[in-house]
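Me: I am new to this structure. Please walk me through it in short steps.

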Amino acid sequence: MFKRILLAIMIAFPMTLFAQKFAVINTQGLVESLPEYKEAQEKLETVAKQYQETFDKLREEFGKKFEEFQALDANTTETIKELRTKELQELDTKMQQFQQTAAQDIQRQQQQLLAPIQEKVLKAVQSVGSEGGYTFVFEDGVPLYVGADVTDITESVKARLAK
């Protein structure tokens, strides 16, 4: 009896391997085609532009103070020169901190704006994968070889997202 069960498993197991279905999807292209993504990109560009304008003002202020420092008379006291040098260093530090803060804020906003889009795409991929009976869905571009029995489900997921 045990041998018959073992034989049945050995015969059925390879058949289950051949019954697997694979699919590929281009999630980057899919995400970039969504209107929500375009809206998020526009918001991020607006924020980045605001930060850039503020940084340009800081840089302009630094440039003016640097010119003033260079224009100091040779008779200017060391105390005043040290004070101006300290002002330039503080402004430089302020500019560097501003750049760091701006980059972190833009990254945080990008994550906040893109997280719901990525979640939506993931759910659609899972839904299409489940309905299509796919064992695996791979990102397009990862495999070095794709056989004829692999299905590209990008369009199916786009259609799912359009609903």
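Me: Is the crossing in which α4 passes α5 left-handed or right-handed?

Reply: This is a predicted model. Helix α4 covers residues 78-132, and helix α5 covers residues 154-162. Where α4 passes α5, the crossing is right-handed.

Me: At roughly what angle do the axes of α4 and α5 cross, and how are the two helices oriented to each other?

Reply: The two axes come within 9 Å of each other. They cross at roughly 120°. Angles of 65 to 115 degrees count as roughly perpendicular, and those over 145 as roughly antiparallel.

Me: Which residues in α5 meet α4?

Reply: From α4 come Lys120, Val121, Ala124, Val125, Ser127, Val128 and Glu131. By class, this contact has six nonpolar, two polar and three charged residues. The α5 residues that meet α4 are Ser156, Val157, Arg160 and Leu161.

Me: How do α3 and α4 pack: roughly parallel or roughly antiparallel?

Reply: Their axes lie 10 Å apart. The angle between α3 and α4 is about 180°. Angles over 145 degrees count as roughly antiparallel. Therefore α3 is, relative to α4, roughly antiparallel.

Me: What distance does α3 reach from its first C-alpha to its last?

Reply: Helix α3 runs over residues 35-70, which is 36 residues. At 1.5 Å a residue, the expected span is 52 Å. The model comes close to that, with a reach of 52 Å.

Me: Which residues of α3 are buried?

Reply: Buried means under 20% relative accessible area. What covers the buried residues of α3 includes α2 (27-33) and α4. The buried ones are Tyr37, Ala40, Leu44, Val47, Phe55 and Leu58.

Me: Does Gly63 count as buried or partly exposed, and why?

Reply: Gly63 lies in helix α3. Its C-alpha is 9.3 Å from that of Leu88, a residue 25 positions away in sequence. The relative accessibility of Gly63 is 26%, so Gly63 counts as partly exposed.

Me: In what order do the elements of the protein chain run from the N terminus?

Reply: The chain has five helices and three strands. Of its 163 residues, 20% count as buried. From the N terminus on, the order is α-β-α-α-α-β-β-α.

Methods:
Residues numbered from 1 in each chain as written. Predicted model: local features only at pLDDT ≥ 70, side-chain atom pairs only at ≥ 80, totals over all residues. Heavy atoms only, no water. Axes fitted to C-alpha atoms, helices over the stretch in contact; angles between N-to-C directions. Helix = DSSP H or I, 4+ residues; strand = E, 2+ residues; numbered from the N terminus. Left-handed = near helix turned anticlockwise from the far one by under 90°. Contact = heavy atoms within 4.5 Å. Nonpolar A, V, L, I, M, F, W, Y, C, P; charged D, E, K, R; others polar. Expected span 1.5 Å × (residues − 1). Buried < 20%, exposed > 50% of the residue type's maximum accessible area, 1.4 Å probe, protein only. Parallel < 35°, antiparallel > 145°, perpendicular 65-115°, else oblique.
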